[in-house]
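Reader: Could you walk me through the aromatic rings and a few backbone details here?

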Amino acid sequence: MVEPIVIEGQRAWLKQYGEGSRAVALGLLRFIANRFQLDALRPPPHRGGDAARETEARRLAELLAQGVNVPHVIGSGHAALVLGDNGSSFNTCLRQADDAGRDVLVAAAMQAIAAAHRSGAYFGQPLPRNLTWDGQNIGFIDFEEDPLEVMDLAQAQARDWLMFGYGVAKYYEHRPERLQELMAQAMDGVDSPVLAHAHAVSGRLQRLARYSLKMGRSARALAHAILIVHGATTLGMVMLLAICVDFFADGELDVLQLFV
């Protein structure tokens, strides 16, 4: 749970960590990732309480040292952190913007992700709800899980691109070619191990993406994200990672209907 507070006239955030409760769902995701040899889809441990607090504090310190715009840790307590503010909700900004404004925001976010990757950083869940915007800079929040516990850096960075692509695809349902263009520009120069891993995974998932285009809005967003990222580079990207994205977005596995 996260709630705003005020410290010496400045907005801050109190984040409290409940106990982890996703063992069954995470086990299912892990099984799917292993079954289809999709390493970037392995879900990292979802801890609660003080363990989650310690993971987030460590990740924030690492990202800050890599030059990433993340909140400063102001204080800590039992299963809680007090975090500084680094901007308004990126999701809200996207909803309120017109097409041209969305293009500016999405391009800025992609450039921020690419720059962070060049510094050796990774995120895990760079969905729009986990990004911020202060009018000039993109910020990143929510790091209580660490993908490097279950995958290598190239896989974690490939995961980041698909997570972000899925998160913004719903805003480009009628302009997918524009999102692909923006992503192609942002991914120019991405390290070859990231692209190589993405290529190996995406080749197994194109059929699922095509089927998804015929289903509801959520499924179409999954498909568009894959096809857009795939088209943004000759080596492609991740699809079944969309299952992880679907779960991380709301804690449910709605996309599993595609397999039954």
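This is a predicted model: local features need pLDDT of at least 70, side-chain atom pairs count only at pLDDT 80 or more; totals for chains, interfaces and linings use all residues.

Reader: How many aromatic pairs does a search of the whole structure find?

Author: Rings of Phe, Tyr and Trp (its six-membered ring) pair if their centres lie within 6.5 Å; planes under 30 degrees apart count as stacked, over 60 as edge-to-face and the rest as tilted. With that rule, the search of the whole structure gives an aromatic pair count of 2.

Reader: What is the angle between the planes of Phe 123 and Phe 140?

Author: A pair of aromatic rings is described by the distance of the centres and the angle of the planes. Phe 123 and Phe 140 are 4.1 Å apart centre to centre and are stacked, with their planes at 15°.

Reader: How many residues apart in sequence are the parts that the pair of Phe 123 and Phe 140 ties together?

Author: Helices (H or I, at least four residues) and strands (E, at least two) are DSSP runs, numbered from the N terminus. Phe 123 sits in the loop between α4 (99–118) and β6 (131–133), while Phe 140 belongs to strand β7 (residues 138–140), so the separation in sequence is 17 residues.

Reader: Is Phe 123 buried or exposed?

Author: Buried means under 20% relative accessible area, exposed over 50%, and partly exposed in between (1.4 Å probe, protein chains only). Phe 123 has a relative accessibility of 3%, so this residue is buried.

Reader: Why is the pair of Phe 123 and Phe 143 tilted?

Author: The ring centres of Phe 123 and Phe 143 are 6.4 Å apart. The pair is tilted because the planes are at 35°.

Reader: Where does Glu 8 lie?

Author: Most residues other than glycine have a negative phi, and most peptide bonds are trans. Glu 8 has a positive phi, near 50°. Glu 8 is also exposed, at 81% relative accessibility. Its place is the loop between β1 (2–7) and β2 (10–16).

Notes. Residues are numbered from 1 along each chain as its sequence is written. Side-chain values use heavy atoms; hydrogens and water are left out.
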